[in-house]
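Here are a few exercises to work through with the model open beside you. Try each task before reading the solution under it.

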Amino acid sequence: MEDIIVRYISRIIVPFVQLYGLYVILHGHLSPGGGFSGGAIFAASMILYALSFNLSAGTKKLSHDVSSVLESGGALIFAGMGLLAVLLGTNFLGNRAAGFPLGIPGNLFSGGAIMVITFGVGIKVASTMITLFYSLIEGEGHSHD
Amino acid sequence: MTDTLLRLHQNSYYFFSIVLFIIGFHTMLTHNNLIKKIIGMNIMDTSIFLFFVAIGYVRGGRAPILEPGAGHAYINPLPSALILTGIVVAVSVTAYALSLVVKLYRHYGTIDAEEIMRLRGGETL
Amino acid sequence: MSAAAHLPALTVVVPLFFAYLMPLLARWRKSWCAATTLAVLAFTFFSSLYLANRVMSSGPFVYHMGGWAPPWGIEFYVDYLAVFTALTISGIGLPVIVYGIKDLPHELKEGVLGWYYTLYLLLMASMLGMALTNDLFNLFVFVEICAIASCAIISIKESRECVEAAFKYLVLSAVGSGCLLLAIALIYMVTGHLNFTFLAATLPGVMAVYPKNILAALALLMVGLGVKAALFPLHVWLPDAHSSAPSPSSAVLSGLVIKIYAVAMIKLLYKVFPATFAGMAPVMAMLLWMSTLAIIIGSMFAIVQEDIKKMLAYSSIAQIGYVFLGVGLASHNALLGGILHIFNHAMMKAMLFLAAGAFIYATGVRKLSQLKGIGVTMPVPAGAFAIGAMAMVGIPVTNGFWSKWYLALGALDAGKPLFAAVVLVSSLLNGIYYLPIIVNAFFSKPEGAVAKPGRLPAVMTGTLVVLGAGCIIFGIFPSLVLGLVSRATRLLLGL
């Protein structure tokens, strides 16, 4: 699609959408939203970019390979935090008992492991959405995801 | 009569979620187009989400963010949290189903269930 | 606390963790994938063994996720049924993937092998989770993971039949999950709990106030789990799905996946819903008749099949009927037979599918009529097939005998001799479709592709030998598992 208005506007919107996505992800433990919502918003910005320009422009920013690696990475952060709690001597996904600093409730850096986990979920969801989009668009070749 | 209507009004979330469920299920059963079947599946899922979230609603309640000193009622956050999981699942099922439809289209050149059935020679899909 | 205390969680989390690691491994260290999968499954097997040992010596125990006690946190409840199921899953899942290491490259495209291991580990993790969890919504999440993973290990083959079968399976299974979620909503609405223990405590009181809610929830649960477990009128997706999938997938789908939903149903019916619900709806009687129909009609359909894997798939519909027969009869011996059959059938059906896969691997022949004389040219897989077939029929010294024996005894105990007759008749029907295959395999002259089969890798032969030996060993010494199963039954029935 060669529409100057769409391209121009999406070029303006995309950074703000991404910023908003990051905000929702990082404030997952303080406000409604979190990994899934934020990740979906972030992914929407990439999908918008790829739609309004074209697929190759989109994959130049974030390639299919990178997004599928991130997909595994996000999930591994989640499981890794859980296992870290086990290593630190509490139950799986333990938080305060494992000794993660809780901080002051209401501050950005609080909630111990939850923030890291939300971030992992955010990465996972965003990259999954993008990978799904690429896979459905590309069809053949990368159709195994 | 008015009593029934009043109760229906008070429980309108449940009523409309059931209506949506029936619409979705009907779409899924009666349409041959595979994409429409998936849309029906999604409408059905959405109706269940609506039902589940409505359970947690407290009249006059706010989003459950704890603020010091505020004494108002909060809605029950658990159903919302559970439904977020449900939505994630629905998204992945939908994406997977769509990718299967892409594959089916590549194999048969159509996304009509009856047409596929005919091409296969009688067996039902 | 030592690491052993966390094994309930680790049994589920470690396969999940490595499932997500697998795509990365497939990218950079392709040759490590199979070995890692094997190591992870061996870990789950040994940790299930450890849990079984601990449960047998010191009784059931709970594990709280993140240290949050219920009703807030998610709880894993490690009891006899849970460890029995976990042992079955990891004990059958391990040999199947050992076989798959050689078989899969033959059946799948090169690029998707790593993904297959991911899906397989996801499937294992979700099934183990379903076995261990004590939380209704957690159960739903695992059910969903299991549903998607099991569709995906069918469609990964990318042939026409597979994609179609997977689509059908996915849509029906999505309807099932929808029913399950609605049931959870209805239950949560009136009880305010999701934990099984808390539900069991609150349901009797709630049932008096909101009987319709609970009744609707029960019906939806039965339909939801029934679709996924392929209980008779809801089985339509199973034959295509299980017969078109790659052989290791068929083995694990038929052997384990449909059973785990039966386990979930056993948990819900016996642990969560109080005994009084039987007065509201004749659930057990319905289960009995549905399972009877499944046993008879499944076997009848199996008789007329031409394709070996399709025949085995129809046979699975009949065999899941046995499990539900045990559940429906609800006497001690019958439930024991039903639960025992989960393990026995997992072992023999996995072996039968793998043996059928071995025939297809070496000869490319799927038609039963063309498999004449296969016993002469491929004695080991055909021997394994023969043992599996005899176990299906229920001939003594095979494990299948014991589950049928207990089911028949249980039917008599429950005062319903009709169902003992059903078990006998179905054995006869099983004989009708399995024995001719064996006779033809060993006493006919091999022709065509069957006469000179390709070489079967030693790993595949070895797996079949191990599973075959297992069928015989558990047939001669059933006490190896009976202790655990009988304790599970007693706990469920509250004896």
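Predicted model: local features only at pLDDT ≥ 70, side-chain atom pairs only at ≥ 80, totals over all residues.

How many residues does the contact take from chain C and from chain B? Residues are numbered from 1 along each chain as its sequence is written, and chains are lettered from A and ligands numbered from 1 in the order in which they are written.

**Exercise 1: the contact of chain C with chain B**

Solution. Step one is the count: chain C brings 22 residues and chain B brings 21 residues, where contact means that two C-beta atoms, placed from the backbone, lie within 7 Å. Step two is the source: on the chain C side, helix H5 (136-155) and helix H6 (160-191) each supply at least two residues. Helices here are DSSP runs (H or I, at least four residues), numbered from the N terminus. H6(C) gives the most, with 15 residues. Step three sorts the chain C side by class, giving 15 nonpolar, two polar and five charged residues. Ala, Val, Leu, Ile, Met, Phe, Trp, Tyr, Cys and Pro count as nonpolar, Asp, Glu, Lys and Arg as charged, and the others, Gly among them, as polar.

**Exercise 2: the domains of chain C**

Find the bounds of the two domains of chain C and describe how they touch.

Solution. Start with the bounds: domain 1 covers 1-278 and domain 2 covers 282-495, as set by an automatic or database domain assignment. Taken over C-alpha atoms, their centres are separated by 22 Å. Next, count the contact: 44 residues of domain 1 of chain C meet 44 residues of domain 2 of chain C. On the domain 1 side, H10(C) provides the largest share, 15 residues. By class, that side of domain 1 of chain C has 30 nonpolar, nine polar and five charged residues.

**Exercise 3: two helix pairs in chain C**

Which angle do helix H14 (residues 332-363) and helix H19 (residues 458-476) of chain C pack at?

Solution. H14(C) and H19(C) pack at about 150 degrees, with axes 10 Å apart; axes are lines fitted to C-alpha atoms, for helices over the stretch in contact, and angles run from 0 to 180 degrees between N-to-C directions. That angle makes H14(C) roughly antiparallel to H19(C) (the term applies over 145 degrees). The residues of this contact divide into 12 nonpolar, four polar and no charged.

Now take helix H3 (residues 80-107) and helix H20 (residues 479-493) of chain C: their axes come within 8 Å and cross at roughly 140 degrees. On the H3(C) side, the contact is made by Tyr80(C), Leu81(C) and Phe84(C). Its residues divide into eight nonpolar, no polar and one charged.

**Exercise 4: chain A**

What pattern does chain A follow along the sequence?

Solution. The pattern is α-α-α-α-α. Its C-alpha trace spans about 55 × 35 × 20 Å along the principal axes. Of the 145 residues in chain A, 46% are buried (20 or more other C-beta atoms within 10 Å of the residue's own, these atoms being placed from the backbone).

Terms used: Buried ≥ 20, exposed ≤ 12 C-beta atoms within 10 Å, placed from the backbone. Parallel < 35°, antiparallel > 145°, perpendicular 65-115°, else oblique.
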